[in-house]
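Take a look at the model below. We will walk through it step by step, from helix contacts to the metal site.

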Amino acid sequence: MSRLGWLNLLLALLLLGLVAAHGAIPSDPTRRNLQYFPNMVNSLAHEAQAAPPVLDPDRNIDLRPPEGAVARGHLPLGYEATPEEATRAGLELSLPDMEDDADSDERGAFVYTTFCATCHGPGGEGDGPVTRKGVPPPPSLLLEHSRDLPDGQMFHIITFGQGNMAAYGPQVGRADRWEAVRHIRRLQEAGSTP
Ligand code: HEC
């Protein structure tokens, strides 16, 4: 046979081998196929949710944080959502030592305009746009009652809500809630008692 003949024969055998190998591999896509190098299937890494090999084997790998652990940015407030607790907050909490500059004034105004003015109105008089659409208007924040609320109690009301007002703790960050208190104080200073 010529050299070309041998080469053709070799290629034909190779093709035959490939076809045979292809036929041998099951083609059901829902089943795991033949594994030539199974190392990556049987990974050495620990399987999620499996029992931890080094810790208590009866416990799940998904360990709970230790008692008293605090998630970043979620410092507990230590108050319940009741009027008594609001009074207690008024006695115990005071405006934190925060920057009192144009930036923070702007932030307070932003928070108030975004979350509060819809009901309380731009000047705090309880005449926000939703009150013209059937929502019962809140009392004016310029009244004696609001002026006399201690900062901490106001902070508690914003955090947990009061009566018809929903809690704003979940939407508005802690520092921003204090900024809102400060903004209300500025409105009270600027506005006359109705
Ligand atoms: C959906 C309407 C609504 C929004 C929005 C709203 N409030 Fe109120 N707010 C009320 C109502 C109604 C009351 C009266 C609650 C009650 O005692 O029945 C109230 C009460 C208050 C009081 C207590 C006033 C007092 O003299 O007792 C404060 C302080 C206050 N809101 C601050 C805020 C701040 C700050 C925001 C924004 C973060 C805000 N509110 C957002 C409706 C709203």
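Glu85, Ala86, Thr87, Ala89 and Gly90 of helix α2 meet Gly152, Gln153 and His156 of helix α5. Bear in mind that this is a predicted model. Two packed helices are described by the angle between their axes and the distance between the axes. For α2 and α5, the angle is about 140° and the axes lie 6 Å apart. That makes α2 oblique to α5. An angle would have to be over 145 degrees to count as roughly antiparallel. The crossing of α2 and α5 is right-handed.

Stay with Glu85 for a moment. Glu85 sits in helix α2. Is Glu85 buried or exposed? Its relative accessible area is 15%, so Glu85 is buried, because anything under 20% counts that way. Leaving out residues up to four places away in sequence, Glu85 touches Gly78, Tyr79, Glu80 and His156. His156 belongs to the α5 side of the α2 and α5 contact.

Now compare Arg32. Arg32 lies in the loop between α1 (3-24) and α2. Arg32 has a relative accessibility of 63%, so it counts as exposed. The cut-off for exposed is over 50%. Arg32 and Glu85 are 53 residues apart along the chain. Their C-alpha atoms are separated by 60 Å.

Go back to the start of the chain. Met1 lies in the segment before α1. Met1 is exposed too, with 67% relative accessibility. Setting aside neighbours within four places in sequence, Met1 is in contact with Trp6 and Leu9.

Next, look at α5 itself. How many of the ten residues of α5 are buried? Eight of them are, so α5 is largely enclosed by the rest of the structure. The buried residues are Gly152, Gln153, Met154, Phe155, His156, Ile157, Ile158 and Thr159. What covers them? The cover includes α2 (83-92), α4 (144-148) and α6. Just after α5 comes Gly161, which takes a positive phi of about 80°.

Helices α5 and α6 pack at about 120°, with their axes 10 Å apart. The two are therefore oblique to each other. Their crossing is right-handed. On the α5 side, the contact is made by Asp151, Gly152, Met154, Phe155, Ile158 and Thr159. On the α6 side, it is made by Arg174, Arg177, Trp178, Ala180, Val181, Ile184, Arg185 and Gln188.

Helix α6 also packs against α3. Here the angle is about 95° and the axes are 8 Å apart. That makes α3 roughly perpendicular to α6. From α3, the residues in this contact are Ser104, Asp105, Arg107, Gly108, Ala109, Val111 and Tyr112. They meet Asp176, Glu179, Ala180, Arg182, His183, Ile184, Arg186 and Leu187 of α6.

Phe110 is partly exposed, with a relative accessible area of 47%. Phe110 and Ala180 are 70 residues apart along the chain. Yet their C-alpha atoms are separated by 8.8 Å.

Finally, turn to the metal. Which protein atoms are donors to the iron atom of the ligand? They are NE2 of His120 and SD of Met165, lying 1.9 to 2.0 Å from the iron. His120 lies in helix α3 (residues 102-120). Met165 lies in the loop between α5 (151-160) and α6 (174-190). The pair therefore ties together parts that are 45 residues apart in sequence.

What is the geometry of the iron site? The iron atom has six donor atoms, with angles of 85 to 179° among them, and the site is octahedral. Ideal angles for six octahedral donors are 90 or 180 degrees.

His120 has 12% relative accessibility, so it counts as buried. Met165 has a relative accessible area of 27%, so Met165 is partly exposed.

Definitions and conventions. Residues are numbered from 1 along each chain as its sequence is written. This is a predicted model: local features need pLDDT of at least 70, side-chain atom pairs count only at pLDDT 80 or more; totals for chains, interfaces and linings use all residues. Side-chain values use heavy atoms; hydrogens and water are left out. Donors are N, O and S atoms within 2.8 Å of the metal (3.2 Å for Na, K and Ca); water is not among the atoms, so sites may look incomplete. Four donors count as tetrahedral if all angles lie between 85 and 135 degrees; four count as square planar and six as octahedral if opposite donors are over 155 degrees apart and all others between 65 and 115; anything else is irregular. Helices (H or I, at least four residues) and strands (E, at least two) are DSSP runs, numbered from the N terminus. Buried means under 20% relative accessible area, exposed over 50%, partly exposed in between (1.4 Å probe, protein chains only). Contact means heavy atoms within 4.5 Å. Axes are lines fitted to C-alpha atoms, for helices over the stretch in contact, and angles run from 0 to 180 degrees between N-to-C directions. Angles under 35 degrees count as roughly parallel, over 145 as roughly antiparallel, 65 to 115 as roughly perpendicular and the rest as oblique. A crossing is left-handed if the near helix is turned anticlockwise from the far one by less than a right angle, and right-handed if clockwise.
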